Amino acid sequence: MATGRGRTFLFLQGPHGPFFRRLGRQLAAAEARVWRVGFNAGDRMMWGGDGYIAFRDDPAHWEATLAAILEDRGVTDLVLYGDTRPVHAVAVALARARGLTVHVFEEGYLRPYWITYERGGSNGHSRLMDLSVAAMQAALGGRDHDPPDAPARWGDLRQHMFWGAAYHACVLAGSRAYPRFRPHRDETVAQELGLYLRRIASLPVRRLQRMLAERRVRGGGFPYHLVLLQLAHDASLRRHSPFAGIAEFVREVLDGFARGAPPHHHLVFKAHPLEDGRVPLARIIRDEAKALGIAARVHFVRGGKLAQLLNRAESTVTVNSTAAQQALWRGLPVKAFGAAVYAKPELVSPQPLPAFFAAPQRPDVAAYRSFRLYMLFTSQVRGGFYSAEGRGEALRRVTDMMLRATDPYESLAAPGAAAAQHLRLAATAPGPR
């Protein structure tokens with residue numbers, strides 16, 4: 001029987017909303033001791049309960065303060081969302097040096113119907129980075145399953161924006177209580193709040209722009225290649241890619257398309273659904289395409305659903321977006337530039353970009369099937385962070401996963417209930433659409 005008796009979990013920053021608060025309560029109900037370090041009034045509001053430790057000191061003192069917290073409270077487990085923001089990177093290094101278990105949450109590698117739970121690191125620091133497809137197939141032991149094509153819908157997008165705006169409003173309103181707080185992004189807290197509010201206010205206009213752009217692409221009758229854009233502040237883009245920013249990636253893709261694509265092919269840039277205008281992507285794409293003489297063949301789609309665009313695309317290009325897995329599921333060629341858990345030689349093309357646009361190399365569909373099943377049976381947890389339904393679905397599973405002695409990848413290979421439970425739950429997982 002898995003309990004938290006004798007263990008102390010220390011939470012750092014989590015996804016916007018009450019997910020970490022509810023997870024902490026479940027761990028406490030499992031007889032674990034639970035603490036939370038907060039760095040601003042938004043952290044305090046989202047936690048809302050006992051066991052809160054406010055860090056109001058200079059960021060330069062964070063490592064020493066955390067070391068004292070780990071020692072004084074007998075911390076055995078560290079819990080965080082993403083492992084690249086500065087306070088988390090310091091914490092992970094300290095935890096590893098002390099032999100603590102590091103629990104890392106992230107957006108789902110198979111989003112939007114899952115979240116990711118791993119130990120030690122995520123994205124470019126994930127254990128998946130060092131696992132070959134052959135090793136995954138061996139761990140699956142010949143197990144196979146065809147998941148039904150009826151995805152659960154958590155309705156997370158609007159809730160994501162709501163909780164983001166609420167969080168930054170609290171940070172701004174309570175700034176006097178945390179005068180030394182510095183956000184991990186380049187923008188100030190006030191700028192972040194403004195971007196969230198502007199994004200929410202502009203939803204009707206953006207929806208109309210997206211519908212018109214999608215109609216032009218779908219009704220154009222031309223072959224097109226789809227570029228999956230990421231948020232300018234995406235940690236995977238900033239920490240696990242060769243580009244200084246999203247604009248540099250855009251320019252390289254346009255140049256490769258101009259040099260390699262057949263003259264009747266078009267290029268469609270698909271913005272992230274939460275793109276907020278902090279980088280003027282539409283203008284950058286328009287100006288660069290005009291300079292290259294390909295403006296009439298280049299399109300920009302603001303957010304929205306990905307499936308319909310993918311269903312008609314010739315190929316997909318990305319830095320390292322998790323959305324590329326929807327292309328792999330469909331057997332579409334994928335060119336990825338950054339470190340990604342799916343960047344296996346069987347799955348992504350090694351071709352230079354002009355050659356890729358000229359004749360893109362398709363993935364090994366059977367290999368991707370094994371890769372996807374391996375993730376569904378291990379680190380992918382059904383649910384979401386932001387909607388009540390999504391949180392409830394994820395919390396039903398993830399507490400037991402955290403309390404197990406083995407991490408999700410080890411649990412698959414282990415005999416007994418843990419692996420059997422993973423297989424049973426994964427068997428109900430939907431495919432992308």
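1. Ala, Val, Leu, Ile, Met, Phe, Trp, Tyr, Cys and Pro count as nonpolar, Asp, Glu, Lys and Arg as charged, and the others, Gly among them, as polar. On that basis, the lining of the second largest pocket has 11 nonpolar, two polar and six charged residues. The model under review is a predicted one.

2. Overall make-up. The protein has 433 residues, of which 56% are buried. Its secondary structure consists of 18 helices and 12 strands. Taking contacts between residues at least 6 apart in sequence, 71% join residues at least 24 apart.

3. Second largest pocket. Its volume is about 310 Å³. The lining comprises 19 residues, and those closest to the centre of the pocket are Phe 39, Pro 59, Val 87, Phe 181 and Arg 182. Two elements, helix 3 (62-72) and helix 4 (86-97), each give two or more residues to this lining. Helix 4 provides the largest share, with three residues.

4. Helix 3, buried side. This helix contributes to the pocket lining, as noted above. Trp 62, Leu 66, Ala 67, Ile 69 and Leu 70 are buried in helix 3. Viewed down the axis of helix 3, these buried residues fall within an arc of 160°, so they line one face of the helix. The cover over them includes strand 1 (8-11), strand 2 (33-38), strand 3 (52-54) and helix 4.

5. Helix 3, other side and end. The face turned away from the buried side of helix 3 carries Ala 64, Glu 71 and Asp 72, which are exposed. After helix 3 comes Gly 74, with a positive phi near 60°.

6. Helix 5. In helix 5 (residues 133-140), the buried residues include Val 133, Met 136 and Leu 140. These cover an arc of only 60° around the axis, which puts them on the same side of helix 5. The elements against which the buried residues of helix 5 pack are helix 15 (365-376) and helix 17. Gly 141 follows helix 5 and has a positive phi, near 60°.

7. Ser 411. Helix 17, one of the packing partners of helix 5, spans residues 408-413 and contains Ser 411. The relative accessibility of Ser 411 is 1%; the cut-off for buried is under 20%, so Ser 411 counts as buried. Which side chain does the side chain of Ser 411 meet in a polar contact? The partner is the side chain of Thr 406, at 2.7 Å.

8. Thr 84. This residue sits in the loop between strand 4 (77-81) and helix 4. With a relative accessibility of 15%, Thr 84 counts as buried. Leaving aside residues up to four places away in sequence, Thr 84 touches Ala 89, His 125, Ala 235, Arg 239 and His 240.

9. Ala 261. The loop between helix 10 (246-260) and strand 8 (266-270) holds Ala 261. Ala 261 is buried, its relative accessible area being 12%. Residues up to four places away in sequence not being counted, Ala 261 touches Gly 256, Arg 297 and Phe 357. Ala 261 and Tyr 224 are separated by 37 residues in sequence, and their C-alpha to C-alpha distance is 9.7 Å.

10. Glu 31 is a residue other than glycine with a positive phi, near 80°. Glu 31 belongs to the loop between helix 1 (19-29) and strand 2. Is Glu 31 buried or partly exposed? Its relative accessibility is 44%, and Glu 31 therefore counts as partly exposed.

11. Asn 123 is not a glycine either, yet its phi is positive, about 50°. The loop between strand 6 (114-119) and helix 5 contains Asn 123. At 14% relative accessibility, Asn 123 falls in the buried class.

Note on methods:
Residues numbered from 1 in each chain as written. Predicted model: local features only at pLDDT ≥ 70, side-chain atom pairs only at ≥ 80, totals over all residues. Heavy atoms only, no water. 1 Å grid on protein atoms, 1.4 Å probe; cavity = no way out; pocket = protein on both sides within 12 Å on 5 of 7 lines; lining within 4 Å. Points joined across faces, edges and corners; volume = space filled by probe spheres on them. Helix = DSSP H or I, 4+ residues; strand = E, 2+ residues; numbered from the N terminus. Buried < 20%, exposed > 50% of the residue type's maximum accessible area, 1.4 Å probe, protein only. Polar contact = N/O pair within 3.5 Å; in protein donor to acceptor, adjacent residues only side chain to side chain. Arc of directions from axis to C-beta. Contact = heavy atoms within 4.5 Å.
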